[in-house]
Amino acid sequence: MKPRISVHKFSSCDGCQLAFINAGEALLELATLVDIVHFAEAGPVDPDAPVDIAFVEGSISTQDEALRIRRLRETTRYLISLGACATAGGLQALRNFNARGVEDWSHAVYARPEFIESLDTATAIARHVKVDLELWGCPVSTRQVFAAIRRLLYGALPFVDNEKVCQECKRRGITCTLVTRGIPCLGPVTRTGCGALCPAFGRDCYGCFGPGENPNAAAMARRFQGLGLLPEEINRRFHFINSHAPDFLEEGLAWREDRP
Amino acid sequence: MPRDGTGPAPVIPNPIQIKYYGNSSAPACYAPDMDSETRFLPRTDADQLLERLRVSGFPRILGPVARDGSLVFSPIHQWSQLPAGIRDMQTPGTYRLHRHADPLCFAWANGPQALKPLTFAGRELLWRAERHHETAAPVFEHAEDTPEPTAVLGIRACDLAALALQEKHFTHGRFPDPFFGRRRRSLFLIAVHCSHPASTCFCASTGDGPTVTRGHDLVLAELDEGYLISAGSRGGRRLLKDMALPPATAAQVQWAERASARATAAQMRHLPGRHLKQPIHDRLEARHWSRVGERCLSCGNCTAVCPTCFCHMELDEPALSGHRTEHLRQWSSCFNAEHSYMGHFLVRSDTRLRYRQWLTHKLAGWHEQYGRSGCVGCGRCITWCPVGIDITAEVAALLAEEIHAQPS
């Protein structure tokens with residue numbers, strides 16, 4: 001019997017699921033290796049079916065999602081969280097910094113805010129259930145996701161990139177944007193996996209793959225200060241896509257003017 | 001907090017209080033090898049050298065080109081692609097190019113890379129394997145790259161010294177690396193005597209520059225009116241002979257010698273000796289390692305730009321089908337966790353230990369492995385460190401610490 005996989009969406013933009021859909025022919029090949037039993041964006045719908053691997057995109061931001069992720073955990077052998085929302089809460093976790101966040105934005109955005117049911121916070125999957133593997137990125141790539149599946153099919157531990165973006169820059173011969181132009185690149189504290197996409201186009205890394213292993217966010221922030229960034233700007237460098245990854249959360253808070 | 005953002009600066013002792021280690025460590029000022037074979041190539045005729053390289057079997061010529069704010073080695077077809085009038089301004093953590101109104105093409109120190117990526121690729125295929133369609137047994141196939149003969153124009157004495165060290169690592173011993181070896185043999189090296197060291201340069205103190213003395217096929221000294229050119233190998237002599245250039249005048253040779261002496265005298269940084277193994281090993285428990293650890297990002301830029309660092313990792317990229325796989329090698333770093341991972345624990349779990357590993361291996365361990373220090377004084381680790389950590393300042397601060405009793 002082929003292993004069964006599923007792809008689940010929580011609070012997210014759906015972009016990480018494109019790692020499957022944009023794979024093209026490789027997605028057809030994947031379908032010969034595994035049974036894709038639930039993947040609403042691509043067709044099959046059976047959210048409660050027991051599976052060997054469940055891929056989870058998105059953060060937990062409603063009561064319904066908090067219940068649904070616990071149900072999913074019970075029917076899943078390996079649970080893999082995909083992307084910044086699932087691993088660190090994502091962009092929407094910025095609302096966690098404002099105690100009145102949900103009330104404020106739901107009134108600002110919706111004509112009938114009374115229909116919005118939301119938790120006060122948007123949080124990572126691992127804050128709710130045991131996660132077996134986290135694939136970081138905003139979004140994750142086909143290469144990351146399919147490499148993890150391949151390893152699991154072999155019965156081997158997936159390999160997770162955790163070195164810094166700088167090393168990919170240097171391997172690719174990309175000139176350092178921070179050193180040559182003095183722009184606040186987060187590459188030296190950010191996990192590789194994107195192929196150094198932004199520096200390859202001459203812009204500074206904004207940390208969408210989250211903190212790398214052993215990041216020295218404090219020294220990075222001091223360097224940004226030396227480049228002329230104001231405390232608020234330094235705070236925003238860290239509190240962006242992965243604001244609730246612990247290393248970025250702590251460093252961003254250290255530069256908040258209104259820090260308690 | 002200092003506005004330069006590099007954190008608390010190390011305490012640098014007065015240079016005259018620094019003890020010199022080893023007996024051959026006085027900064028060297030070589031007389032350029034400007035013998036009777038030195039020829040003169042007028043600037044207006046410089047394309048002749050590129051043409052001669054092409055007819056001599058080097059269809060691919062790499063030279064320094066100003067791109068994306070730094071000098072990078074790229075294919076060139078004519079002399080006018082070289083960075084005329086370009087100067088580099090380098091300080092810890094900063095690199096900027098400026099344009100001057102003069103024709104000099106080599107009036108700069110270096111860019112982020114020179115020869116290392118040409119011989120030791122950032123990422124490369126070593127072998128692939130495929131399951132046999134009937135027996136399912138794996139069938140292995142070596143990656144066989146045939147590098148195109150390539151002439152490299154504009155490399156420096158420090159780059160050649162680094163290449164010699166990498167050759168020791170990769171091609172000596174019982175198992176020479178075929179990938180490195182093939183690419184090394186495909187290169188024809190046209191060096192340039194360094195005339196404009198950056199503030200980060202300290203090759204005079206390591207004994208590796210600024211004047212080219214060995215490892216080159218041809219070497220140029222740049223004058224306003226053109227180039228003094230002499231050979232350092234049989235291939236270089238043959239090519240020079242074919243060019244039938246006039247001999248350099250005594251005045252030109254004297255001018256080039258003075259430029260080399262000035263380039264030595266202009267260097268602002270130095271290491272306090274070429275044999276630092278014992279004084280560094282005596283200080284493995286020094287407090288200074290922790291102070292560096294607080295500033296270091298553990299990002300590995302220093303190891304990536306270091307022309308002698310050779311650490312790499314190997315990885316497999318199996319196709320989704322599971323029937324084919326590729327085995328790759330890519331640059332890695334002693335600042336990565338995986339570098340010291342064994343048996344489910346990290347030998348060097350924090351930055352203090354990783355920086356200490358890098359520095360002690362580079363300046364101490366290499367003496368045992370390769371008969372000399374692993375530093376050629378190019379200063380790249382200083383310039384390209386995002387937070388401007390300066391190896392010469394860190395060594396000086398470290399050696400200024402008293403020797404502590406080693407914990408048993």
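Let me begin with the domains of chain A, where the assignment, whose bounds come from an automatic or database source, gives domain 1 (4-154) and domain 2 (165-254). This is a predicted model, in which local features need pLDDT of at least 70 and side-chain atom pairs count only at pLDDT 80 or more, while totals for chains, interfaces and linings use all residues. Residues are numbered from 1 along each chain as its sequence is written, and chains are lettered from A and ligands numbered from 1 in the order in which they are written.

The C-alpha centres of the two domains of chain A lie 25 Å apart, and their contact (C-beta atoms, placed from the backbone, within 7 Å) takes 14 residues from domain 1 and 12 residues from domain 2. On the domain 1 side, helix H4 (residues 83-88) of chain A gives the most, with three residues; helices here are DSSP runs of H or I, at least four residues, numbered from the N terminus.

Turning to the chains, 37 residues of chain A are in contact with 44 residues of chain B, and the largest share of the chain A side, seven residues, comes from H10(A).

That helix, H10 (residues 217-226) of chain A, also packs with helix H12 (residues 246-254) of chain A at an angle of about 45°, their axes 10 Å apart, where axes are lines fitted to C-alpha atoms over the stretch in contact and angles run from 0 to 180 degrees between N-to-C directions. The contact is made by A:Ala217, A:Ala218 and A:Ala221 of H10(A) and by A:Asp247, A:Phe248 and A:Glu251 of H12(A).

How values were computed
Helix = DSSP H or I, 4+ residues; strand = E, 2+ residues; numbered from the N terminus. Contact = placed C-beta atoms within 7 Å.
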